[in-house]
Amino acid sequence: MSNLKIDTNSIIGIVGAGIMGRGIAQVAAKAGHQVVLYDNWNGAVDNAMKINEKELSRLVEKGKITQDQKDKTTSLMKPTMDINELAPCDLVIEAIIENKEIKQAIFKQLEDICGDVCIASNTSSISISALANGLKRPDRMIGMHFFNPAPIMKLVEVISGLQSDQQLIEDVHTLATSWGKKAVYVKSSPGFIVNRIARPFYAEALRLYEEGVSDFATIDEAIRTSGKFRMGPFELMDLIGNDTNYSVTQSTFDSYYQDPRFKPSLTQQEFSQAGLLGKKSGSGFYAYEEGKQKGRDQIKKVSASNNKLSEITIYGSLGLADELIPLFKKAGINVIMTPGDGYIEFNGIKLFLANGKMASEIARDLDDKNIAQFDINIDYEVSPSITIATSLLAQKHVASNIAALFSQIGKDTIIVKDSPGLIMARTVAMLVNEASSTVTNGVCDECSCDIAMENGVNYPIGPFKWADKVGSVYILEVLDNLESFYKDTRYRADRGVIERTIIGSNYYE
Ligand SMILES: NC(=O)c1ccc[n+]([C@@H]2O[C@H](COP(=O)([O-])OP(=O)(O)OC[C@H]3O[C@@H](n4cnc5c(N)ncnc54)[C@H](O)[C@@H]3O)[C@@H](O)[C@H]2O)c1
């Protein structure tokens, strides 16, 4: 049973004073705990204390904490190179090099020095059950996965291994919450929640680029503007570092026995091997000067034709995109509603919402050239642009006529090569699918998934909120169409997605 004191009387030990350890030390000390910060390299503890001092001073300057709070926080952190000083600690959080054997050696030492201590590893990728193997008290070993920078990022994944004590898990969850963090319960499994569910955000963008659907800047812009993501996948990979991002994907892929859902990208491997790591190396998918992106790459947008539209016909429901109807009406366009298969018709053009098929496939099935698709959007009203693709056989005027329609409601039109699921529809479907699979596998519940993605990687809304927005039937349709197009089990729907279409209810009421 856990005997962890879930108040500031508990002394927190940190092993490893690198990027993560020093940040976690700051978090615990700010919350009022006495903290012992240990590293076996002198430079590390000195450096950690200096950086923490600087960061806390900045918070005082910004008026976020008082000078007294800063002084108290600093005085609570005790740097040391003597592991024996961890003896009085109630909870030791380990943040050393990502190596199972080295971590396990430290845990055994801690058991000898600190007795009945609780040990939490900040590992990003190693199984908590495996780390606990060989300990005297494997029940007192859990995972506590912070995100970088630890003082700023809200999420903490509290991870249970097969032998972890349930009460300890709950106590650490309570403790992390008292530190101002959003804590979620996770069952130990490769990638935990965030590093697993985020994979398709990068993978689908890389695949779209590799298939020549569009360039980095256009894909990033489409994702930023249609999904309100703070950063597009390529800018984010440049920020994380192509080497780091590639190796996380590679290890996830291997951990899931080469499941095609996690297949790494040859493009990213090439960038990584070339040393084009992103922001930190000065060049990646974009070029950087003094840490800032150099120039702005051209984004592929369509110029609107001069044809002002006074009337369009909408056949059936556009699903999520029905949000466009009041915008068209407000712009003075007469909207004729009539039963049908869900598309907008004007000037001989049929414009469908992306559904995981190519526009050209729909054109072939309807024996009609002038077919186009537009992408899903988190908020059609506020989004500055809409992404489209025209069928391979479409006449030249199709794109500019669609741009004219969207310009009447104040939107730019981004254009990409015809592709199944365009950009957002396919990315969202794959994020929802991975989130669903995470829940199906009992790693966490739906709500924790959303909290994790919103607070660990700042997604504007979590995957299950997206699923409710577009509907599970839509997600399944996109996945099924992608799977049949690519003949690739990467796109196979998780049973949870299928079940939800049968139950018919939303994830959130
Ligand atoms: N950097 C991230 O973005 C991030 C995010 C979440 C989790 N993590 C995980 O956190 C852990 C630490 O990562 P980091 O980025 O802070 O690494 P880091 O290299 O910045 O720091 C590691 C520190 O551990 C010390 N160390 C190594 N072996 C030691 C030992 N045997 N005893 C005592 N100290 C030792 C090193 O001197 C170094 O100061 C890893 O498990 C990593 O996977 C990292």
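In strand β3, Pro-79 is the bridge partner of Leu-37. The model is a predicted one, in which local features need pLDDT of at least 70 and side-chain atom pairs count only at pLDDT 80 or more, while totals for chains, interfaces and linings use all residues. Residues are numbered from 1 along each chain as its sequence is written, and side-chain values use heavy atoms, with hydrogens and water left out. Helices (H or I, at least four residues) and strands (E, at least two) are DSSP runs, numbered from the N terminus.

Strand β3 spans residues 77-80 and runs parallel to β2, with four bridges joining them; strands are taken to pair if DSSP finds at least two bridges between them. Between β1 and β2 the chain passes through helix α1 (residues 19-30), giving a right-handed β-α-β crossover. Right-handed means that, with the strands pointing away from the viewer, the path from the first strand over the helix to the second runs clockwise.

What covers strand β2 can be read from its side chains. In a regular strand the side chains alternate between the two faces of the sheet. In β2 (residues 35-38), Val-35 and Leu-37 lie on one side and Val-36 and Tyr-38 on the other, and all are buried (under 20% relative accessible area, with exposed over 50% and partly exposed in between; 1.4 Å probe, protein chains only).

Turning to the aromatic side chains, rings of Phe, Tyr and Trp (its six-membered ring) pair if their centres lie within 6.5 Å, with planes under 30 degrees apart counted as stacked, over 60 as edge-to-face and the rest as tilted. The count by this rule is 19 aromatic pairs. One of these is the tilted pair of Phe-201 and Tyr-459, at 5.5 Å centre to centre and 45° between the planes. Phe-201 belongs to helix α8 (residues 199-210) and Tyr-459 to the loop between α17 (446-456) and α18 (463-470), 258 residues apart. Phe-201 is buried at 0% relative accessible area, and Tyr-459 is buried at 5%.

Phe-271 and Phe-285 also form a tilted pair, 4.6 Å centre to centre with 45° between the planes.

Charges over rings (NZ of Lys or CZ of Arg within 6 Å of the ring centre and within 35 degrees of the ring normal) complete the picture. Arg-207 lies over the face of Tyr-486 at 4.7 Å from the ring centre, and the charged end of Arg-500 sits over Tyr-507, 4.2 Å from the centre of its ring.
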